[in-house]
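Entries follow in the order I made them.

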Amino acid sequence: MKTNPLSARVRLSHLFLLAGFLLIVDVVIERQYVNERTELALVSADSAIALLQALLAQRGPITLRDDALYVGEERLKDSSNIVDAVKSATGFGCTIFQKNVRIATTAVAEGETGRALGTRANAEVTRLVFEKGEVYRGITRTLGKDWVIIYEPLKSIDGSTVGMIATYQEQMLFLRDLSLAVAATPDALWPLGNCFVSRTRCTSPGA
């Protein structure tokens, strides 16, 4: 029996349409899943920043003396006690800024091995958080990496903004954790497969 060429072409076009539809659905589900997981990560970052604020409050008021930031009698510059305590307790990185300069941090710049002390926040975060006094929650690029991060203004005892605080997770590690979570999801619960995370690219402000 001869195959009708027209019928074969119709079936092939239907297969292409189905494949295109499944790809669109996959991308939509992928984006929704990543957005939901990003928001969950930011909720955890909120908890980390609340812990940082509590640790600072326990030590005393924030003051600026001789162009150096203090919490109580503890000078914050180059002190790792507080930021390391936050990271140890929550798993999230932590940074304290004087103005927009990192003076205490667990962050490491791309290609480096030591703490990124003395480096600056990117221009958008500086404008939004330090200059305008707003909170930043989302994904941003700084130190050559993308981060799921929260920045808040740091205020002295007189109410003036003297710096910023931040808690965060590297986006690369975040996406790796997502990939592992999706890979562990049974196919019955994830009918379109478990490889989408490797294609994910989240947008972020410029450094």
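How many bridges join E7 to E8, and do the strands run parallel or antiparallel? I noted first that this is a predicted model. I then found 9 bridges between E7 and E8, with the two strands antiparallel.

Leu154 has Gly163 in E8 as its bridge partner.

Next I checked the connection. E7 and E8 make a hairpin, with 5 residues between them. In the turn, Gly159 has a positive phi of about 90 degrees.

I turned to E4, residues 93–98. E4 is joined to E8 by 6 bridges, and this pair runs antiparallel. I picked out Ile96, which stands opposite Ile165 in E8.

Is E8 mostly covered or mostly open? I counted it as mostly covered, since 9 of its 10 residues are buried.

Then I went to helix H3, residues 123–131. Which residues of H3 are buried? I listed Val125, Thr126, Leu128 and Val129.

Last, I looked at the two ends of H3. At the start, a side-chain oxygen of Asn122 comes to within 3.2 Å of the backbone nitrogen of Glu124. Just after the helix, Gly133 takes a positive phi of about 75 degrees.

Notes. Residues numbered from 1 in each chain as written. Predicted model: local features only at pLDDT ≥ 70, side-chain atom pairs only at ≥ 80, totals over all residues. Heavy atoms only, no water. Buried < 20%, exposed > 50% of the residue type's maximum accessible area, 1.4 Å probe, protein only. Helix = DSSP H or I, 4+ residues; strand = E, 2+ residues; numbered from the N terminus. Polar contact = N/O pair within 3.5 Å; in protein donor to acceptor, adjacent residues only side chain to side chain. Pairing = 2+ DSSP bridges.
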